[in-house]
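This report describes the nonpolar core of a protein model and some of the helices around it. Please look at the sequence and the structure before reading on.

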Amino acid sequence: MKASRAFLPFLNELIGFGMLILLWAILSLFFPVYVIPSPLEIIKSIPEYLQPKLLEALWLSLYRVFLGFGASLFVATMLSLLLYRSKMGEWFGAMLQAFQILPAITVGVILVILFGIGSPTPIGLAFLMSLPILTLNTMQAIRSTASELSEYMDSISADTGSRFRYLLKPALVRITKSNLLLGFGLAIKIVIMGEFIGSQDGIGYLLNRARLVFNMKEVFFYLLLLLLVTLAFQGLVNLLYSGPLKRYAYD
């Protein structure tokens with residue numbers, strides 16, 4: 001019983017992953033293997049790609065994802081706490097909305113010019129492109145909670161500590177789940193793009209190299225690997241919010 005309960009947070013992710021694999025398998029029936037290889041073809045080819053360089057590239061890409069995404073999440077949370085009640089917060093939010101229209105490839109090229117080839121480009125790209133949506137999500141969550149409870153907190157003359165504990169903290173914990181689930185997948189895509197244009201290592205570099213020689217089996221293998229990593233991360237987040245943070249996990 002306990003094992004089945006522990007498995008439940010991963011259930012939705014597994015169902016979604018299975019549906020995606022099914023769609024992939026159906027599409028592969030209508031295209032030649034050099035365009036869309038079937039999932040079975042990729043599974044058969046796994047031993048060919050399981051090499052030490054793969055693990056090195058994966059760890060490097062994940063390091064860049066967690067560093068860029070983690071910094072973005074931290075800064076977004078701090079900015080939201082500082083600005084959610086001020087007029088400047090509205091101006092800053094409008095600026096972030098405008099920033100979101102910038103193509104990631106353009107920002108990436110600018111970072112390559114500034115920092116050259118290496119980790120700074122994918123890390124900086126993940127930070128800059130994740131920051132607007134994480135900040136806007138967090139500010140909206142705090143403002144929504146504040147509008148419902150702030151009058152009551154004012155009526156009882158609550159101090160700053162009580163306001164944070166009963167008003168801001170629950171909102172932050174809840175929106176952090178959404179930010180983790182949304183932001184991690186976004187950060188992976190951005191880091192892979194950053195490795196395309198500004199690195200000579202990492203999964204993005206290997207994927208781009210395979211793409212250039214039209215090795216679609218290898219391309220889809222890397223895509224499958226990234227999907228599995230995202231699936232595992234989402235399952236862990238849901239497990240966390242079904243356990244220690246369960247009391248905050250409601251909409």
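## The largest nonpolar core

The model is predicted. Its largest nonpolar core has 46 residues, and the members that touch the most other members are F184, I188, I203 and Y222. Two or more residues of this core come from each of α2 (11-28), α3 (39-49), α4 (52-83), α6 (104-115), α7 (120-155), α8 (160-198), α9 (203-212) and α10 (216-241). The largest share, 13 residues, is given by α10.

Y222 can be followed to its partners. Leaving out residues up to four places away in sequence, Y222 touches L54, I203, L206, L207 and A210.

## Helix α9 and the residue after it

Several residues of α9 are buried: I203, G204, L206, L207, N208 and A210. Among them, I203, L206, L207 and A210 are also touched by Y222.

After α9 comes F214, which has a positive phi, near 60 degrees.

## Where α3 meets α10

How do the axes of α3 and α10 cross? They come within 10 Å of each other and cross at roughly 90 degrees. An angle of 65 to 115 degrees counts as roughly perpendicular, and α3 and α10 are therefore roughly perpendicular to each other.

On the α3 side, the contact is made by E41, I42, S45, I46 and Y49. On the α10 side, K217, E218, F220, F221 and L224 take part. Sorted by type, the residues of this contact are six nonpolar, one polar and three charged.

Terms used
Residues numbered from 1 in each chain as written. Predicted model: local features only at pLDDT ≥ 70, side-chain atom pairs only at ≥ 80, totals over all residues. Heavy atoms only, no water. Core = buried A, V, L, I, M, F, W, Y, C linked by side-chain atoms within 4.5 Å. Buried < 20%, exposed > 50% of the residue type's maximum accessible area, 1.4 Å probe, protein only. Helix = DSSP H or I, 4+ residues; strand = E, 2+ residues; numbered from the N terminus. Contact = heavy atoms within 4.5 Å. Axes fitted to C-alpha atoms, helices over the stretch in contact; angles between N-to-C directions. Parallel < 35°, antiparallel > 145°, perpendicular 65-115°, else oblique. Nonpolar A, V, L, I, M, F, W, Y, C, P; charged D, E, K, R; others polar.
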